[in-house]
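Q: I've got this model open and would like to go through it with you. Could we take the contacts, then the strands, then the pocket?

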Amino acid sequence: VDRNTRVIVFATNLQLLAGESAAAVTVTLVDSQNHSFDIAAEDVRPVPNSPFTQVVFRLPNNTSVGTCIITLKAHGETSNSGSIRIRT
């Protein structure tokens, strides 16, 4: 059983192309210890009646507690950065 936490973020102007899987979206996470992880998204889907797309990714095993900076990458484009806080 995979006990790692999943995180959901919402993005605008993000759509998968026909035939693409969620793994076409990469989440780059830089943790509080400045470790960088490139994580394939597990799920990418439009939010009904909204301009947002939901992106789900799994936190790596060794993510440090504290504030993490994330960006999304898809189709050669990189999003603005955002932050999330990891607590125990």
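Q: How many salt bridges does the structure hold?
A: This is a predicted model, and the structure holds 2 salt bridges.

Q: What does glutamate 42 form a salt bridge with, and how far apart are the closest N and O atoms?
A: The partner of glutamate 42 is arginine 6, and the closest N and O atoms of the two are 2.9 Å apart. The pair links distant parts of the chain, since glutamate 42 sits in the loop between strand 3 (36-40) and strand 4 (43-46), while arginine 6 belongs to strand 1, 36 residues apart.

Q: OK, strands now. Which sense does strand 6 take with strand 2, and over how many bridges?
A: Strand 6 pairs with strand 2 (residues 26-30) in the antiparallel sense, over 5 bridges. Within that pairing, lysine 73 of strand 6 has threonine 26 opposite.

Q: What about strand 8, how many bridges join it to strand 6?
A: Strand 8 (residues 82-86) is joined to strand 6 by 5 bridges, and the two run antiparallel. Here threonine 67 stands opposite arginine 85, which lies in strand 8.

Q: Then where does strand 7 come in, and how many residues lie between it and strand 6?
A: Strand 6 and strand 7 form a hairpin with 2 residues between them, and histidine 75 in the turn has a positive phi of about 55 degrees. The two strands run antiparallel and are joined by 2 bridges, with lysine 73 opposite threonine 78 in strand 7.

Q: Switching to the pocket: what volume does the largest one have?
A: The largest pocket has a volume of about 340 Å³. It is lined by 17 residues, of which Ala11, Thr12, Leu72, Ser79 and Asn80 are the closest to its centre. The elements that give two or more residues to this lining are strand 1 (6-12), strand 6 (66-74) and strand 7 (77-78).

Q: How many of the lining residues are nonpolar, polar or charged?
A: By class, the lining of the largest pocket has 7 nonpolar residues, 8 polar ones and 2 charged ones.

Note on methods: Residues numbered from 1 in each chain as written. Predicted model: local features only at pLDDT ≥ 70, side-chain atom pairs only at ≥ 80, totals over all residues. Heavy atoms only, no water. 1 Å grid on protein atoms, 1.4 Å probe; cavity = no way out; pocket = protein on both sides within 12 Å on 5 of 7 lines; lining within 4 Å. Points joined across faces, edges and corners; volume = space filled by probe spheres on them. Helix = DSSP H or I, 4+ residues; strand = E, 2+ residues; numbered from the N terminus. Nonpolar A, V, L, I, M, F, W, Y, C, P; charged D, E, K, R; others polar. Pairing = 2+ DSSP bridges. Salt bridge = Lys/Arg side-chain N within 4 Å of Asp/Glu carboxyl O.
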